[in-house]
Amino acid sequence: MWFFARDPVRDFPFELIPEPPEGGPPGPWALHRGRKKATGCPVSIFVYDVKPGAEEQTQVAKAAFKRLKTLRHPNILAYIDGLETEKCLHVVTEAVTPLGIYLKARVEAGGLKELEISWGLHQIKALSFLVNDCSLIHNNVCMAAVFVDRAGEWKLGGLDYMYSAQGNGGGPPRKGIPELEQYDPPELADSSGRVVREKWSADMWRLGCLIWEVFNGPLPRAAALRNPGKIPKSLVPHYCELVGANPKVRPNPARFLQNCRAPGGFMSNRFVETNLFLEEIQIKEPAEKQKFFQELSKSLDAFPEDFCRHKVLPQLLTAFEFGNAGAVVLTPLFKVGKFLSAEEYQQKIIPVVVKMFSSTDRAMRIRLLQQMEQFIQYLDEPTVNTQIFPHVVHGFLDTNPAIREQTVKSMLLLAPKLNEANLNVELMKHFARLQAKDEQGPIRCNTTVCLGKIGSYLSASTRHRVLTSAFSRATKDPFAPSRVAGVLGFAATHNLYSMNDCAHKILPVLCGLTVDPEKSVRDQAFKAIRSFLSKLESVSEDPTQLEEVEKDVHAASSPGMGGAAASWAGWAVTGVSSLTSKLIRVHPTTAPAETNIPQRPTPEGVPAPAPTPVPATPTTSGHWETQEEDKDTAEDSSAADRWDDEDWGSLEEAESVLAQQDDWSTGGQVSHASQVSNSDHKPSKSPESDWSSWEAEGSWEQGWQEPSSQEPPLEGMRLASEYNWGGPESSDKGDPFATLSARPSTQPRPDSWGEDNWEGLETESRQAKAELARKKREERRREMEAKRAERKAAKGPMKLGARKLD
């Protein structure tokens with residue numbers, strides 16, 4: 001009969017970790033750390049070895065085994081499994097640490113907060129359950145009978161000497177252990193029975209001893225209870241009631257907790273209130289849950305880390321999964337996520353985040369985008385490309401400007417993880433449409449900024465087709481900060497252009513901005529022109545530098561450029577776009593004006609209308625503080641020699657840009673007209689024409705596109721076009737450049753580039769003009785290919801700046 005020889009301990013589904021016992025309550029039990037064999041989950045195992053001649057102790061251990069198995073309460077040590085043989089008893093509980101060891105570790109780690117102690121003592125409400133609901137006397141309340149789980153929750157154990165308060169089970173069992181008998185109240189020494197006491201009197205005395213030990217250390221003798229020591233003043237009156245000589249006046253456990261939770265009491269704090277709400281969250285109304293989660297994030301910084309990880313986080317995940325809590329859980333969820341390891345974050349939070357991106361709730365979508373920086377590092381590339389990016393791109397088409405704005409900003413974080421198709425094709429289509437057709441100036445500006453910052457991640461062919469065209473388009477934007485962003489975009493990505501592109505595509509565009517009606521645009525244009533000219537001149541003087549200068553042009557990526565782009569573009573993403581967020585939450589006071597549609601250039605032969613000054617409207621939410629810029633002539637003269645050291649567009653300069661702006665729609669008429677070159681010569685291909693291939697509708701050659709009809713703005717939303725972006729008076733008032741740029745196009749400018757008619761022929765219809773532009777592009781392409789073939793056929797390297805003599 002082989003089964004009679006089986007070892008029950010070996011077949012037990014839990015095993016002890018080979019480490020010394022952690023200790024436990026003085027008595028028969030030894031506490032060991034253990035784990036479940038099947039899953040490896042940590043547990044605690046109380047072990048009692050049966051010894052000959054110790055029948056009394058064995059009966060006490062078996063009674064404790066039975067009590068722990070039958071009593072179920074959140075604040076009593078949770079029983080999981082057990083094993084009883086002739087040789088031993090094993091009791092498996094949740095993983096816990098003795099309170100004494102826990103307090104010592106917390107003090108060594110930086111101190112124990114009173115918040116933790118207040119909730120820990122509140123959890124000894126298990127005494128109220130035992131006395132008032134079960135009529136049981138614990139008879140062993142002390143430091144050694146309390147344990148702490150991984151969330152910092154205090155659990156009552158040590159049920160060895162429990163007995164019935166009704167007397168039908170006999171009197172209290174004899175302990176026989178001096179370490180435990182010192183916690184007995186003084187009335188137990190009176191055998192006369194004349195002392196009047198309540199059934200809870202002895203346990204409440206022991207609770208007073210526990211409070212003393214928590215704040216002052218191990219209790220040396222009963223006389224030490226007279227001195228409260230380090231016990232907080234708000235707790236001292238209630239402590240004195242517990243250790244009073246008259247057992248009749250000692251409060252019931254329920255009344256003791258009620259007194260401590262009174263206003264100003266030791267347990268009257270946010271931490272206790274949060275824990276009590278979490279314990280009853282399943283029966284709370286949805287409105288109460290919403291309010292609770294909104295206020296929770298403010299308190300998490302003061303809460304213990306273990307409590308946030310093991311108690312708050314599961315409740316947040318449950319509230320999202322089953323409670324329809326929505327976006328309100330995101331802020332506390334990501335705040336708690338900071339306490340998790342990378343592996344825990346992947347297991348617990350990332351699946352929830354991925355699921356949230358598929359939600360149609362706008363509030364959740366915009367909060368995810370705003371807080372993407374907190375979790376982007378934990379997302380792998382397949383997850384981003386297959387599960388997140390397809391949902392994020394819908395934000396580019398959203399009618400809410402705030403969502404479009406946050407979607408653009410999120411690309412700064414997503415771009416490094418996007419694959420070839422998503423980054424170089426799908427994203428570029430959306431960027432082209434936003435830059436050309438979005439009615440919000442700040443969004444167009446931030447699209448240009450974002451493109452400059454992610455340019456290093458684009459493929460070489462995409463960079464060649466997109467960057468020059470996109471930044472050239474930005475320089476013709478009616479919104480002045482967009483024009484500044486276009487200039488700075490050229491400067492920040494200077495290492496991605498060939499010398500031929502610098503000379504034939506970029507410098508002509510920048511030179512046109514030297515007569516821009518906004519001085520801030522002119523200043524940045526002159527600065528960029530000097531730098532590009534210096535670069536061209538250095539290669540002309542030493543042609544051997546050409547290979548080094550153009551080493552990044554055809555490279556797969558240029559990681560070093562990202563830092564430079566961040567320095568110049570940070571102001572726009574954090575400044576202009578955040579301002580848009582303020583605007584869309586303001587209830588519009590006037591109907592949207594027609595000026596929020598950019599004006600087309602003045603047709604050839606028709607004088608450009610003079611700009612109409614728009615009075616500045618003082619505001620408190622959107623006004624940019626004007627910053628004075630230093631005008632150091634020596635630095636300006638040497639700027640060309642310090643290309644890589646220059647800070648292209650600091651925050652102070654950018655704020656000055658916006659401070660000088662009036663209503664952009666008015667300035668846009670002037671600035672846009674200034675970009676039109678009216679020459680009788682044959683128009684050549686414009687740099688931005690390549691960018692048109694990325695658009696779903698129209699092209700830049702068709703002129704500035706009117707934004708497509710949008711849904712009416714949400715209530716309380718104000719468009720950026722309704723906002724006056726400037727100072728006390730129009731920026732072009734008294735500016736000779738504004739007059740110069742707005743004069744009739746029939747008069748050729750002395751600095752006109754002749755062949756470069758950037759806007760095409762406005763007198764023709766759009767369809768005919770588009771067809772003409774395509775033909776010209778094809779003709780220009782053939783000419784360029786022929787010239788390249790001739791250059792390749794020539795023998796020997798051609799020096800830059802040298803002229804071939806016949």
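A residue is called buried under 20% relative accessible area, exposed over 50%, and partly exposed in between, with a 1.4 Å probe and protein chains only. This is a predicted model, in which local features need pLDDT of at least 70 and side-chain atom pairs count only at pLDDT 80 or more, while totals for chains, interfaces and linings use all residues. Residues are numbered from 1 along each chain as its sequence is written, and side-chain values use heavy atoms, with hydrogens and water left out.

**Whole chain.** Select the protein chain: of its 806 residues, 52% are buried. It contains 30 helices and 10 strands; helices (H or I, at least four residues) and strands (E, at least two) are DSSP runs, numbered from the N terminus.

**The largest core.** Next, select L99, I211 and L427. Within the largest nonpolar core, of 157 residues, these three touch the most other members. Such a core is a set of buried Ala, Val, Leu, Ile, Met, Phe, Trp, Tyr and Cys residues joined through side-chain atoms within 4.5 Å. Helix α6 (residues 201–216) supplies the largest share of this core, 9 residues. Another core, of 7 residues, lies apart from it and includes F14, V43, L83 and V92.

Which residues does L99 touch, leaving aside those up to four places away in sequence? They are M143, V146, F147, V148, W154, L210 and V214.

**Strand β8.** Now select residues 146–149. Strand β8 is covered on both faces, with V146 and V148 buried on one side and F147 and D149 buried on the other. In a regular strand the side chains alternate between the two faces of the sheet. β8 pairs with strand β6 (residues 96–98) in the antiparallel sense over 3 bridges; strands pair if DSSP finds at least two bridges between them. F147 is the bridge partner of P98, and F147 also stands opposite K155 in β9. Strand β9 (residues 154–156) runs antiparallel to β8, joined to it by 3 bridges. The two form a hairpin with 4 residues between them, and G152 in the turn has a positive phi of about 85 degrees.

**Helix α12.** Move to residues 330–337, where 6 of the 8 residues of α12 are buried. These are L330, P332, L333, F334, V336 and G337. They pack against α10 (286–299), α11 (305–322), α13 (342–348), α14 (350–357) and α15 (362–370), a contact being heavy atoms within 4.5 Å.

**The loop at P18.** Finally, select P18, in the loop between β1 (14–16) and β2 (30–36). Is P18 buried or exposed? P18 is exposed, because its relative accessible area is 78%. P18 and H32 are 14 residues apart in sequence, and their C-alpha atoms are 8.8 Å apart in space.
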